[in-house]
Amino acid sequence: MNLNKITYFLKGEKRWVFLDQLVFSATSFITTILLARQLGIGSFGVYSSIVLFLYLILSVSNAFVVAPFQVLISKVKQPGYYKAAVFQMQLLVVLLFCAISAAILFSEIPFLSNYSHYKISILLLLAGFLMQDFFRRVFLALDKGFEAFIIGFVSGGLQLIILLIYSFNSSLELNDAIIV
């Protein structure tokens with residue numbers, strides 16, 4: 001790869017998309033290491049299963065809202081109305097998935113007993129995770145890579161700072177990890 005191609009790639013919006021993905025991947029990796037060290041095997045396993053559940057819900061949510069938005073936004077005649085409608089649709093999807101998740105979590109199913117103390121935290125994490133990813137992807141679809149980068153940088157940076165504070169105090173509990 002020659003220097004001209006690298007220079008071209010790192011100009012404009014492409015740079016921010018690349019940096020956004022770099023920040024997201026790096027903070028996810030570091031967060032996983034910090035949590036694994038602080039929580040221990042059992043609690044980290046519970047945390048990991050919650051994250052897997054979140055990614056499952058995220059993929060379904062993206063299929064209903066974000067993926068169609070990414071395809072259709074350039075073809076819409078009134079993008080302002082379309083963006084507002086997509087935002088409202090995302091809010092409805094988040095509420096729907098939170099309601100379904102709440103029904104499952106509060107149903108007292110025996111194999112979900114490991115999650116009984118974390119119901120509200122899981123629901124807050126689910127809502128926040130879905131909305132953050134929504135805004136990040138919408139900004140990317142609108143060629144606003146810098147804004148997507150800022151969202152990832154601020155949220156990832158704050159998450160790492162909070163986790164580092166906990167790691168120095170050696171006081172991280174599973175509920176704290178879910179909230180962070």
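Predicted model: local features only at pLDDT ≥ 70, side-chain atom pairs only at ≥ 80, totals over all residues.

Student: Which residues line the second largest pocket?
Tutor: The lining consists of S49, I50, F53, S101, I104, L105, F111, L112, Y115 and I122.

Student: Which elements supply at least two residues each there?
Tutor: α2 does, and so does α3, which covers 79-105.

Student: And how does that lining divide into nonpolar, polar and charged?
Tutor: For the second largest pocket it is 8 nonpolar and 2 polar, with no charged residues.

Student: OK, now the largest pocket. What volume?
Tutor: About 680 Å³. It is lined by 27 residues, and those closest to the centre are Y47, L125, F129, Q132 and Q159.

Student: Which elements give two or more residues to that lining?
Tutor: Four are listed: α2 (12-72), α4 (119-141), α5 (145-169) and α6 (174-179).

Student: Which of them has the largest share?
Tutor: α2, with 12 residues of the lining of the largest pocket.

Student: Nonpolar, polar, charged: what are the numbers for the largest pocket?
Tutor: The lining has 14 nonpolar, 11 polar and 2 charged residues.

Student: Let me step back. How many helices and strands does the chain have?
Tutor: There are 6 helices and 0 strands. Read from the N terminus, the order of elements is α-α-α-α-α-α.

Student: What does the C-alpha trace span?
Tutor: Along the principal axes of the chain, about 50 × 40 × 25 Å.

Student: On to packing. At what angle do α3 and α4 pack, and how far apart are the axes?
Tutor: The angle is about 155 degrees and the axes lie 10 Å apart. Angles over 145 degrees count as roughly antiparallel, and therefore α3 and α4 are roughly antiparallel to each other.

Student: Is that crossing left-handed or right-handed?
Tutor: α3 crosses α4 in a right-handed sense.

Student: Which residues meet there?
Tutor: On the α3 side they are V86, F87, Q90, L91, V94, F97, C98, S101, A102 and L105. Their partners in α4 are K119, I122, L123, L126, A127, L130, M131, F134 and F135. By class, this contact of α3 with α4 has 16 nonpolar, 2 polar and 1 charged.

Student: What about α4 and α5: which angle, and which distance between axes?
Tutor: They pack at about 155 degrees, with 7 Å between the axes. That angle makes α4 roughly antiparallel to α5.

Student: Left-handed or right-handed?
Tutor: The α4 and α5 crossing is left-handed.

Student: And which residues meet?
Tutor: α4 contributes Q132, F135, R136, F139 and L140, while α5 contributes G145, E147, A148, I151 and S155. That contact has 5 nonpolar, 3 polar and 2 charged residues.

Terms used. Residues numbered from 1 in each chain as written. Heavy atoms only, no water. 1 Å grid on protein atoms, 1.4 Å probe; cavity = no way out; pocket = protein on both sides within 12 Å on 5 of 7 lines; lining within 4 Å. Points joined across faces, edges and corners; volume = space filled by probe spheres on them. Nonpolar A, V, L, I, M, F, W, Y, C, P; charged D, E, K, R; others polar. Axes fitted to C-alpha atoms, helices over the stretch in contact; angles between N-to-C directions. Parallel < 35°, antiparallel > 145°, perpendicular 65-115°, else oblique. Left-handed = near helix turned anticlockwise from the far one by under 90°. Contact = heavy atoms within 4.5 Å.
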